[in-house]
Amino acid sequence: MGDKDIIILAIDDNPDNLVTIKALIRESFPNAEILTALTGRQGIDLAIAHDPDVILLDIVMPGMSGFEVCRTLKSNSRYSDIPIVFITALKGDKDSRIQALECGAEAFLAKPIDECELVAQIRAMAKIKSANLAKRNEKQRLATLVEERTLELRKEHLKAIALVKALEAENAIRKQSEAALREAKDYFELVFNTSPDAAYVARLDDGTVLNVNEGFTRLFGLPKEDAIGKRCVDLALFQNESERAEIEQKLMKDGFCDAVEVGLLTKSKNSFVGLLSAKLIMIDNKPHMSTNIHNITERKKMEDNLFH
């Protein structure tokens with residue numbers, strides 16, 4: 001950041017101190033914009049209006065102390081990135097320095113102010129402000145990316161639901177034609193077997209698994225021969241068996257279960273988070289559940305890292 005881009009706000013109730021600070025700054029930052037305030041309230045208003053790169057803040061002021069000004073700005077996420085340098089009366093004023101750190105200040109200057117130290121602090125604080133802005137912009141970019149990806153997943157899920165509904169409508173229309181039913185069955189098996197997500201079909205009455213796709217074997221690390229013919233409860237796919245029971249109950253009641261986040265386990269007992277959708281289907285006039293699971297573990301980690 002060049003000095004022509006720097007905005008410096010000095011807050012001090014002594015006009016002579018402000019004149020001295022401005023004179024010292026002009027020597028090394030001739031193009032900087034220097035703002036001054038004689039009260040804490042006026043300083044806060046200037047900080048909000050101009051978003052300075054650094055604030056030079058006196059501690060002892062009537063009405064509102066420097067500590068109160070610092071706490072007010074640091075408590076607002078819009079202005080908390082502005083670095084604050086406290087100006088202390090004594091170089092060894094330990095209590096004031098501790099209180100300043102607790103308020104969120106970044107640095108200190110002792111009176112009388114040394115010009116070289118002042119210039120170094122301003123340049124360091126300007127770099128901190130620039131880094132803070134870059135960090136905030138990156139967080140916003142990641143938040144937008146997560147939102148866009150979530151929307152994409154939702155659209156893909158809706159497409160899958162729409163496909164199932166289309167198949168149901170086609171089956172209803174062509175249920176009198178064995179050729180049409182075979183065609184629909186072949187198409188369903190193609191979608192089932194080629195889906196990148198984990199999918200399985202199981203009887204609803206006892207949970208016996210009739211078929212799984214390759215996505216299932218990849219996600220759970222469980223070969224087809226180890227899954228087919230076993231009951232869901234015996235396979236221990238769910239971290240919490242009550243979640244599995246609730247999903248089956250909802251299927252029996254509503255005929256579907258749409259986009260439920262569940263905790264799952266691989267064959268080697270590694271845990272992950274899945275977005276589960278299930279549909280009640282009839283095979284040989286008996287209720288079965290067709291289940292699709294999309295691994296959203298990485299998305300959840302990204303969300304946790306972003307918002308925590």
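Modeller: Helices (DSSP runs of H or I, at least four residues) and strands (runs of E, at least two) are numbered from the N terminus. This is a predicted model, in which local features need pLDDT of at least 70 and side-chain atom pairs count only at pLDDT 80 or more, while totals for chains, interfaces and linings use all residues. Residues are numbered from 1 along each chain as its sequence is written, and side-chain values use heavy atoms, with hydrogens and water left out.

Colleague: By what are two packed helices described?

Modeller: Two packed helices are described by the angle between their axes and the distance between those axes. The axes are lines fitted to C-alpha atoms over the stretch in contact, and the angle runs from 0 to 180 degrees between N-to-C directions. Here, helix 1 (residues 15-28) packs on helix 5 (residues 115-173) at an angle of about 70°, with the axes 10 Å apart. The two helices are therefore roughly perpendicular to each other (65 to 115 degrees; under 35 is roughly parallel, over 145 roughly antiparallel, and the rest oblique).

Colleague: Which residues of helix 1 and helix 5 meet?

Modeller: Leu24, Ile25, Glu27 and Ser28 of helix 1 meet Glu115, Leu118, Val119, Ile122 and Arg123 of helix 5, contact being heavy atoms within 4.5 Å. By class, these residues comprise 5 nonpolar, 1 polar and 3 charged (Ala, Val, Leu, Ile, Met, Phe, Trp, Tyr, Cys and Pro are nonpolar, Asp, Glu, Lys and Arg charged, and the others, Gly among them, polar).

Colleague: At what angle do the axes of helix 3 and helix 4 cross?

Modeller: The axes of helix 3 (residues 66-74) and helix 4 (residues 94-103) cross at roughly 20° and come within 9 Å. Helix 3 and helix 4 are therefore roughly parallel, and their crossing is right-handed (the near helix is turned clockwise from the far one by less than a right angle; anticlockwise is left-handed). Phe67, Cys70, Arg71 and Lys74 of helix 3 make this contact with Ser96, Gln99, Ala100 and Cys103 of helix 4. Among these residues, 4 are nonpolar, 2 polar and 2 charged.

Colleague: How do the axes of helix 2 and helix 3 cross?

Modeller: Those axes cross at roughly 25° and come within 10 Å. Helix 2 and helix 3 are therefore roughly parallel to each other. From helix 2 come Gly40, Ile44 and Ala47, and from helix 3 come Val69, Thr72 and Leu73. This contact has 4 nonpolar, 2 polar and no charged residues.

Colleague: Which residues line the largest cavity?

Modeller: A cavity is a set of points on a 1 Å grid, over the protein atoms alone, where a 1.4 Å probe fits but cannot get out; lining residues have an atom within 4 Å of a point. The structure holds 1 cavity of 30 Å³ or more, and the largest contains about 40 Å³, a volume being the space filled by probe spheres set on points joined across faces, edges and corners. Tyr200, Phe238, Arg244, Ile247, Glu248, Leu276, Ala278, Met289 and Thr291 line it. The lining has 6 nonpolar, 1 polar and 2 charged residues.

Colleague: What kind of peptide bond joins lysine 111 and proline 112?

Modeller: The bond is cis, with omega of about -5°. Proline 112 is located in the loop between strand 5 (107-110) and helix 5. In another loop, between helix 2 (40-50) and strand 3 (54-58), aspartate 51 has a positive phi of about 50° although it is not a glycine.

Technical notes:
1 Å grid on protein atoms, 1.4 Å probe; cavity = no way out; pocket = protein on both sides within 12 Å on 5 of 7 lines; lining within 4 Å.
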